[in-house]
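Student: Could we go through this model together? I would like to see how the names given to its features follow from the numbers.

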Amino acid sequence: MSKILFCDGHNLAFRAFYGIRELNRSDGFPTNMIHGWLRTMWRLEDEFSPNEMHIFFDRGGSHRREKILPAYKVNRGLPPDGFNEQLRWVKKLTNALGHNTYEMEGKEADDLIASAVRQKKSEVNQIVIVSSDKDLAQLVETGVEQLVPPPTANPKLGWRILDSNAIQQKFGVSPGQILDYLSVIGDQSDNIPGLSGVGPKTATKWLAEFTNIENLIENAGRLTPKRFCSVVYENREKLLMNRELIRLEADVEFDIHEPRSADLVNLEKILTEMEMIKSWDECLNRYSPN
């Protein structure tokens with residue numbers, strides 16, 4: 001059975017950064033994220049035994065979304081100190097492990113993942129998207145699942161696989177309705193405001209009755225509570241704008257590379273420079289030819 005993991009690079013990198021703190025090389029260079037990243041890669045290799053792993057990173061934001069909403073993601077601010085310095089080493093390390101990395105100017109990792117799913121879903125038995133980003137739930141279908149890491153504040157929750165049934169249970173809507181659901185409630189992490197006063201319970205109730213945003217707008221006068229009739233109608237353009245912002249681009253063209261073996265020469269160079277000697281020993285155990 002063929003299995004591919006498509007990993008959300010920045011999502012996992014931030015998790016690795018905050019999962020281990022105050023870890024530095026002898027000269028003070030931070031290595032906490034590099035340590036956490038390597039252990040994440042090994043956990044994915046060991047627990048899920050993928051045939052291939054591909055890692056996608058953001059680069060330069062989303063030009064399309066920023067044209068629609070200039071305030072898109074402006075609430076995020078700059079990465080924490082030590083993040084960018086380590087990120088370039090994370091990418092080198094990932095490639096040395098034999099996992100391909102991808103990034104494209106003006107495209108977000110989510111869009112690259114959506115496009116990769118489109119390219120590969122007819123060729124493999126199982127695609128697993130590794131990310132805690134709820135936007136990616138809209139890609140879940142037969143043969144495509146989402147693997148959500150545990151939050152750093154509650155690691156005992158464990159890694160969770162979300163198929164279509166689990167998405168329905170978690171959000172109250174099907175994967176095909178996630179786009180409309182998020183368009184109604186907004187996405188605070190991306191600075192996309194939802195309808196004022198409308199929470200997840202109301203959004204799921206409306207979508208259960210009206211299925212999608214077009215029908216919701218068309219039936220705005222029938223909504224309950226009644227105070228939302230004018231809210232939906234007066235904000236109909238905002239709802240459609242939100243949906244365009246949250247919609248993933250599955251038509252980005254790029255080549256998905258063949259998997260490679262781990263590069264022990266580069267792994268030794270990287271891990272020695274980072275003073276991660278025990279990790280290098282583990283690499284020898286894992287990747288040395290028998």
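**Rings and helices**

Tutor: By the pairing rule for rings of Phe, Tyr and Trp (its six-membered ring), centres within 6.5 Å, the count comes to 10 aromatic pairs. This is a predicted model, where local features need pLDDT of at least 70, side-chain atom pairs count only at pLDDT 80 or more, and totals for chains, interfaces and linings use all residues. Residues are numbered from 1 along each chain as its sequence is written, and side-chain values use heavy atoms, with hydrogens and water left out.

Student: Why is the pair of Phe 171 and Tyr 181 called edge-to-face?

Tutor: Planes under 30 degrees apart count as stacked, over 60 as edge-to-face and the rest as tilted. Phe 171 and Tyr 181 lie 6.0 Å centre to centre with 65° between the planes, so the pair is edge-to-face. Phe 171 sits in helix H6 (residues 164-171) and Tyr 181 in helix H7 (residues 178-185).

Student: Which residues of H4 make the contact?

Tutor: With contact meaning heavy atoms within 4.5 Å, they are Trp 89, Lys 92, Leu 93 and Ala 96.

Definitions and conventions: Helices (H or I, at least four residues) and strands (E, at least two) are DSSP runs, numbered from the N terminus.
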